[in-house]
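Please look through the model shown below before reading on.

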Amino acid sequence: MGQPQLNLSPKVSDEVRKTTCYMCACRCGINVHMKDGKVAYIEGNRDHPVNQGVLCAKGSAGIMQHNAPSRLRKPLKRVGERGSGEFEEIEWDEALQIACDWLEPIRAEDPSKLAFFTGRDQSQSFTSFWAQNFGTPNYAAHGGFCSVNMAAAGIYTMGGAFWEFGQPDWDRTKLFMLFGVAEDHDSNPIKMGIGRLKKNGGKIIGVNPIRTGYNAVADEWVGITPGTDGLFILALIHELLKAGKIDLDYLARFTNSPVLVNSDPASPEYGLLMRDKDGKLLVIDRATGKPAAFDKKGVKPSLSATYEKDGVTHVPVMHMLAERYLQPEYAPEAVAERCGVSADRIRAIAAELARVAFEEAFELPIEWTDFRGETHKTMTGRPVSFHSMRGISAHSNGFQTCRSLHLLQILLGSVEVPGGFRFKPPYPKPVSAHPKPHCKVTPGKPLDGPHLGFVQGPEGLCLREDGTPARIDKAFSWENPMSSHGLMHMVISNAYAGDPYKIDTLFMYMANMSWNSSMNTSGTMKMLTDKDENGDYVIPRIIYSDAYSSEMVAYADLVLPDTTYLERHDCISLLDRPICEADAAADAIRWPVVEPDRDVRGFQTVLVQLANKMGLPGFTNEDGSSKYEDYADYITNHQRKPGIGPLAGFRGNGDSHGRGDVNPQQIDRYIENGGFFVSHIPDEASYFKPWNAAYQDWAVDMGLYDSPQPYVFDVYVETMRKFQLAAEGHGDRQPPDHLRQRIKDTLDPLPIWYPPFEEGLVSEEEFPLHALTQRPMAMYHSWGTQNAWLRQIHGRNPLYVPTDIWEKNGFNTGDWAKLSSAHGSITVPVAHMAALNPKTVWTWNAIGKRKGAWALDDDAPEAKEGFLLNHLIHELLPSKGDGMRWANSDPITGQAAWFDLRVQIEKVDAPDEVQPAIPPINSPVGKGPRSLAWKVEK
Amino acid sequence: MTTLPESTDKKLGLVIDLDTCVGCHACVISCKGWNTENYGAPLSDQDPYGADPVGTFLNRVHSFEVQPEDKPAQLIHFPKSCLHCDDAPCVTVCPTGASYKRAEDGIVLVNEDSCIGCGLCAWACPYGAREMDGEEKVMKKCTLCVDRIYNENLPEEDRVPSCVRTCPAGARHFGDLGDPNSAVSVLVEERGGIDLMPEQGTKPVNKYLPPRLKDDIFYQAPEPLAPVVAEAKGFVGWLDKMLDKV
């Protein structure tokens with residue numbers, strides 16, 4: 001019998017439409033293959049700067065997300081009790097009218113009665129613009145409960161951060177050290193980078209209590225005890241300093257290590273940096289021995305010279321730094337037990353970092369000129385790079401830990417050098433060039449400026465006249481002064497408690513707050529549904545927008561159904577969280593590659609429609625007519641400053657980039673170009689960007705800055721010292737007394753380590769274990785479960801238990817355990833895992849689902865055996881008996897301290913389902929089909 | 001019973017790097033997407049939103065813990081699909097001739113028109129690499145994307161299996177393992193590529209590159225860094241000695 005004749009060249013599709021993925025926060029370019037007007041197949045876009053053709057499991061499963069039975073179909077008005085999930089479908093006109101009837105009186109009387117928080121929003125420059133024009137100070141996205149410590153520590157220390165704002169120099173790095181990471185933060189680029197690094201013979205050190213994913217392919221795994229990363233890093237710094245394996249030339253030229261510090265404890269300026277009359281930082285010039293502005297042409301800053309002025313000794317930051325970290329408390333022996341890493345291993349890692357940074361250093365033959373006018377014939381490479389995100393961020397000592405990591409990078413001279421860590425435009429950008437937070441509310445008027453930003457001292461805090469927090473989340477207050485992304489995890493709790501004040505309407509987008517996106521999930525559900533003595537809801541009104549039947553939908557009074565990512569316009573903007581590469585500025589769009597088959601609207605377009613109905617100033621022309629019809633119109637025609645709009649590419653007649661007039665055809669030009677725009681950085685500008693005159697000039701041309709902004713890295717953060725000074729009693733703006741000691745202790749201007757707060761408040765004997773979650777690579781938060789293909793990969797999330805604990809408790813396969821914290825208990829299935837820190841248990845994040853949500857059957861494993869650790873984590877710390885509500889957050893940034901959780905474990909008989917068993921909610925979309933055989937071309 | 005070709009002109013197959021595979025399942029889903037829309041019956045899913053979702057996949061990733069005695073435990077991600085064996089028992093066992101190995105490139109395929117869904121081939125395959133589709137009741141297996149690799153409607157660079165095109169870590173390679181000079185054969189040679197379960201005598205074409213030695217350098221107790229000054233002199237001595245260097 002002969003072989004069958006095959007058609008080896010079948011038609012692949014009628015058309016390929018190129019847009020941007022939204023299956024996680026990575027924002028890869030995708031080719032959507034269309035057949036008969038339907039989505040037939042999705043693959044990565046080879047030309048796209050982020051993913052260069054590859055695509056992860058989530059992205060490839062986009063077709064199942066786009067067609068998920070959980071999609072909302074029409075606006076919903078609540079008819080049952082809040083939380084029941086009983087709704088009636090209404091028309092859009094009615095939905096918009098209801099929203100306006102609630103919002104307009106608030107705006108006229110007190111705009112701060114609206115709390116508008118967006119979750120996994122990728123349009124923050126737009127949503128914040130809307131909130132600013134509404135006039136409420138209460139706006140933020142989800143950064144505060146995600147990774148603000150990493151972002152803020154990076155920007156305060158080096159004017160840039162990991163992921164969106166920087167990346168390892170993958171082609172040249174030889175040693176890559178990765179600390180705990182959330183997988184969706186730069187997902188495909190890290191995988192691609194690891195592949196390239198390994199191909200080049202480079203090594204990876206993974207520091208993570210759990211050995212999965214990237215840590216599974218790491219050459220060396222450091223199974224550190226959670227919350228001790230900062231101590232481990234400071235021990236590495238101790239070893240490097242002791243051996244003199246630091247880049248002194250780099251520190252002198254490019255950091256504030258040579259800047260003079262007031263060292264008189266009696267001075268009201270103790271610890272502040274010395275400046276000249278123009279406010280320029282002062283260093284001692286080695287050539288003259290005299291003070292000079294740090295950026296003066298030709299100045300050679302000294303790391304050692306001290307300076308007396310008016311009887312006060314000023315020492316360079318370098319003295320303070322060396323003195324601190326040479327202390328024996330940072331020696332490997334002193335930290336080994338606490339970190340769960342042997343002293344020998346810490347020393348070996350330090351030796352390896354030093355060997356690669358200094359013995360494998362190399363020169364690139366690229367001439368460049370620095371901001372002091374000195375021309376360098378070559379660029380020196382130090383091929384050691386680092387990456388981290390959520391793992392070290394989500395602790396109450398996270399900001400200082402993230403700062404410690406950046407200090408380590410800087411001491412090795414490996415930031416913005418070949419082989420090291422590189423910024424992506426619009427970064428580098430000094431703190432001083434970032435906006436400051438604004439909170440001045442005027443009824444009927446816009447807020448006085450952008451909500452979020454970077455404070456530079458007590459004068460920048462968002463406080464009301466009586467000194468209480470101006471924002472509902474208490475961001476930029478004494479409780480967490482440098483909370484650059486807000487504190488979304490505190491909004492519901494504070495609104496419920498009326499602390500600092502009551503609100504009227506809670507308006508949220510893409511944030512599953514009644515389930516996996518809140519701490520204290522059961523408590524949050526109660527706060528959302530609780531009524532006061534008059535029978536009114538304590539949080540009077542809730543508007544929610546989501547594309548899917550998430551757990552949060554049931555808690556809204558009005559639901560505004562969003563589109564899927566293939567049905568919408570979006571812009572991935574340089575004004576927001578860009579998709580640039582170290583060698584290029586880039587931005588991108590989404591566009592409706594298919595039209596919705598349901599009565600849904602893109603949320604951003606709905607915001608435009610609401611703004612138009614209310615006549616919000618930024619959306620209204622002088623004659624009262626509306627500026628924008630929908631979001632696409634805004635993307636094309638909005639200008640932040642003359643010539644600067646949401647999209648940088650194809651401006652003016654289509655040939656201007658960065659700056660240029662509005663181009664009515666701009667979106668079409670993006671579509672023709674594959675959905676994105678990219679502009680490459682010239683070679684001579686490609687490294688040393690904060691100090692490189694060629695880069696600074698390129699950035700001005702691109703519209704990233706209005707003038708060159710060279711700066712030095714802040715190994716010493718003076719802003720933090722200003723808050724300490726206030727806590728010590730200096731200055732007009734004073735913290736409340738109960739916060740003074742904590743500010744003095746934690747806002748140290750040089751990185752420190754202190755134990756996570758929960759550790760100090762619960763007994764280690766009672767709660768001996770740490771409990772963590774991780775994100776599986778094939779799922780994005782709660783979204784993956786509604787995806788028929790992805791839930792077959794990660795449909796279950798047992799609690800993984802390390803060998804010793806497994807054996808001590810006599811666990812066997814199929815057993816269940818009761819896991820308890822100071823706050824609550826859950827009963828869950830367990831599984832053994834050997835590649836795990838011996839004091840840590842963990843599970844996959846957000847696999848557990850509530851019955852009735854996501855169009856799943858009630859007996860789906862996600863609903864019966866899937867669980868959340870969130871029930872064990874409170875948004876407040878255990879009571880200290882002082883009557884105060886202490887947030888379970890970093891005291892500097894307010895970052896949610898998810899990973900501080902301490903637990904105990906106990907074997908129990910298997911129940912019918914996980915405990916607590918939360919009752920089902922009514923589904924507004926019904927259930928999914930019994931079988932799928934998805935082929936567009938029949 | 002069905003006969004195998006005496007030899008094939010090429011031996012097309014995959015080389016999978018177990019040192020680099022991070023276990024992300026990108027290949028699994030990309031394969032599902034392409035092969036649902038293309039060759040033969042779609043890869044169906046039963047109870048896709050219910051208690052026991054079970055679908056057809058041509059490629060799956062399994063994860064195994066390895067526990068060396070003197071080192072930390074390791075996790076190995078192991079992608080598995082049809083290995084397009086030279087001596088494919090799934091072909092010879094087929095009662096209808098539906099299972100066959102192509103003479104020109106060695107790809108093992110199922111002709112769905114003649115497949116009676118008896119399942120003998122799946123029993124014969126020692127790797128568990130074939131799956132009966134729950135909807136169509138025909139045997140499904142990796143086609144090495146035979147409808148991509150020669151497809152003139154695709155740009156040349158895309159004429160590779162979808163799992164290879166999508167793999168973010170670059171852990172999957174495609175080529176002619178019958179040509180000792182091909183890039184994949186060179187890679188197998190350099191990295192000591194291995195056959196899966198050679199004792200089964202199936203002569204698999206696909207190869208696996210083993211993980212490199214892990215957790216090694218730091219257990220060899222390398223020389224610690226030498227201090228700049230003896231401890232007794234402390235900070236002042238360190239400062240003098242260090243800052244002289246600038």
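Two strands are said to pair if DSSP finds at least two bridges between them, and both helices (H or I, at least four residues) and strands (E, at least two) are DSSP runs, numbered from the N terminus. This is a predicted model, in which local features need pLDDT of at least 70 and side-chain atom pairs count only at pLDDT 80 or more, whereas totals for chains, interfaces and linings use all residues. Residues are numbered from 1 along each chain as its sequence is written, while chains are lettered from A and ligands numbered from 1 in the order in which they are written.

Strand 2 (residues 29–35) of chain A and strand 3 of chain A run antiparallel and are joined by 6 bridges, and in strand 3 of chain A the bridge partner of Ile30(A) is Gly44(A). The hairpin of these strands has 2 residues between them, and Asp36(A) takes a positive phi near 50 degrees there. A residue is called buried if 20 or more other C-beta atoms lie within 10 Å of its own, exposed if 12 or fewer, and partly exposed in between, with C-beta atoms placed from the backbone. Strand 3 (residues 38–44) of chain A has 6 of its 7 residues buried, so it is largely enclosed by the rest of the structure.

Helix 17 (residues 603–614) of chain A has 12 residues and reaches 16 Å from its first C-alpha to its last, close to the 16 Å expected at 1.5 Å a residue, where the expected span is 1.5 Å times one less than the number of residues. Helix 17 of chain A is mostly covered, with 9 of its 12 residues buried, among them Phe603(A), Val606(A), Leu607(A) and Leu610(A). Contact between two residues means that their C-beta atoms, placed from the backbone, lie within 7 Å. What covers the buried residues of helix 17 of chain A includes helix 3 (92–109), helix 4 (124–134) and strand 23 (505–509) of chain A. After helix 17 of chain A comes Gly615(A), whose phi is positive, near 65 degrees.

Helix 21 (residues 718–727) of chain A is also mostly covered, as 8 of its 10 residues are buried, including Met720(A), Phe723(A) and Leu725(A). The buried residues of helix 21 of chain A pack against helix 22 (737–746) of chain A, and just after helix 21 of chain A, Gly729(A) takes a positive phi of about 110 degrees.

A nonpolar core is a set of buried Ala, Val, Leu, Ile, Met, Phe, Trp, Tyr and Cys residues joined through C-beta atoms within 7 Å. The largest such core has 357 residues, and Phe232(A), Leu236(A) and Leu353(A) are among those that touch the most other members. Leaving aside residues up to four places away in sequence, Leu236(A) touches Ile346(A), Ile349(A), Ala350(A), Leu353(A) and Leu408(A). A second, separate core of 6 residues includes Ile681(A), Tyr695(A), Trp698(A) and Ala699(A).

In chain B, 6 of the 6 residues of strand 1 (residues 12–17) are buried, so this strand is largely enclosed by the rest of the structure. In a regular strand the side chains alternate between the two faces of the sheet. From strand 1 of chain B, Leu12(B), Leu14(B) and Ile16(B) point one way and Gly13(B), Val15(B) and Asp17(B) the other way. Strand 1 of chain B pairs in the antiparallel sense with strand 10 (residues 172–176) of chain B over 5 bridges, and the bridge partner of Val15(B) in strand 10 is His173(B). Strand 1 of chain B also runs parallel to strand 11 (residues 207–209) of chain B, to which 3 bridges join it, with Asp17(B) opposite Leu209(B).

How do the chains meet, and how many residues does the contact take from each? The contact takes 74 residues from chain B and 88 residues from chain A. The largest share of the side of chain B that touches chain A, 9 residues, comes from helix 1 of chain B. An open sheet of 3 strands has the order 35(A)-2(B)-3(B), with antiparallel pairing. Strand 35 (931–932) of chain A and strand 3 (54–55) of chain B stand at its edges, each with a single partner strand, so one side of each is left without a neighbour in the sheet. Asp45(B) has Gly55(B) as its bridge partner in strand 3 of chain B, and Asp45(B) is in turn the bridge partner of Leu932(A) in strand 2 of chain B.
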